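Here are my notes on the structure you sent over.

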Amino acid sequence: MSIWRQPATAQEINQRFSPETVNGLLGIRIIEVGPDYIEGEMPVDGRHVQPFGILHGGVSVVLTETLGSLASVMCCDPGFSAVGLEVNANHLRPVPKGGTVRGRCTPVRIGRSVHVWNIELRRDDGEVSCVSRLTTAILERK
């Protein structure tokens with residue numbers, strides 16, 4: 001059974017990612033929407049690395065917050081939206097330039113006014129590079 005109240009396919013979501021947004025600028029794309037998870041990926045090139053040639057931690061957080069925020073919005077009733085309250089991340093392994101990082105977002109709690117999401121990022125070799133938790137507030141659109 002699906003958790004999505006406003007479902008969308010990966011293709012539909014990617015078409016909404018404008019080149020002028022952070023998602024477009026960083027090359028973030030959604031690759032799969034399952035019944036209770038969303039997966040996305042991002043290349044790791046010169047736009048994404050810190051001076052030592054590995055993925056910048058802040059850029060990892062952009063990917064995790066993108067996946068969690070998207071999941072939260074898709075869980076909202078029509079007329080409601082989600083805004084981030086808190087995000088944290090533990091960077092466990094480096095992701096070298098030239099690779100790809102893939103994230104999977106799953107729910108911890110989907111309430112009426114607050115959602116909590118767990119997001120894991122993995123390197124090309126399957127090793128976990130980052131674990132993150134995002135909390136969103138659910139607000140009625142005005």
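**Notes on the predicted model**

1. Let me start with proline 7, which is exposed at a relative accessible area of 57%. Please keep in mind that this is a predicted model. Proline 7 is placed in the segment before α1. Along the chain, proline 7 and valine 33 are 26 residues apart, and their C-alpha atoms are separated by 8.8 Å.

2. Moving on to helix α1, which covers residues 10–16, you will find glutamate 12 there. Glutamate 12 is partly exposed, and its relative accessible area is 39%. Isoleucine 30 is 18 residues away from glutamate 12 along the chain, with 9.4 Å between the two C-alpha atoms.

3. Next, have a look at phenylalanine 52, in the loop that runs between β2 (38–43) and α3 (57–75). Is phenylalanine 52 buried or exposed? Phenylalanine 52 counts as exposed, because its relative accessibility is 72% and the cut-off for exposed is over 50%. The C-alpha atom of phenylalanine 52 is separated by 9.5 Å from that of lysine 97, and the two residues are 45 apart along the chain.

4. Leucine 134 belongs to strand β6, residues 128–140. With a relative accessibility of 0%, leucine 134 counts as buried. Which distance separates leucine 134 and valine 116 in space, C-alpha to C-alpha? The answer is 5.7 Å, for two residues that are 18 apart in sequence.

5. Now the cysteines. A disulfide is a covalent bond between the sulfur atoms of two cysteines. How many disulfides does a search of the whole structure find? The search finds zero. Cysteine 76 is in no disulfide, and the nearest cysteine sulfur, which belongs to cysteine 75, is 7.3 Å away.

6. Cysteine 130 counts as buried, with 1% relative accessibility.

7. If you are browsing the surface, the largest pocket has a volume of about 210 Å³. Its lining includes Cys75 and Cys76, along with Ile3, Arg5, Asp77 and Phe80. Sorted by class, the lining has six nonpolar, two polar and three charged residues.

8. Finally, the aromatic rings. The structure holds zero aromatic pairs.

Note on methods. Residues numbered from 1 in each chain as written. Predicted model: local features only at pLDDT ≥ 70, side-chain atom pairs only at ≥ 80, totals over all residues. Heavy atoms only, no water. Phe/Tyr/Trp six-rings, centres within 6.5 Å; stacked < 30°, edge-to-face > 60°. Disulfide = S-S within 2.5 Å. Buried < 20%, exposed > 50% of the residue type's maximum accessible area, 1.4 Å probe, protein only. 1 Å grid on protein atoms, 1.4 Å probe; cavity = no way out; pocket = protein on both sides within 12 Å on 5 of 7 lines; lining within 4 Å. Points joined across faces, edges and corners; volume = space filled by probe spheres on them. Nonpolar A, V, L, I, M, F, W, Y, C, P; charged D, E, K, R; others polar. Helix = DSSP H or I, 4+ residues; strand = E, 2+ residues; numbered from the N terminus.
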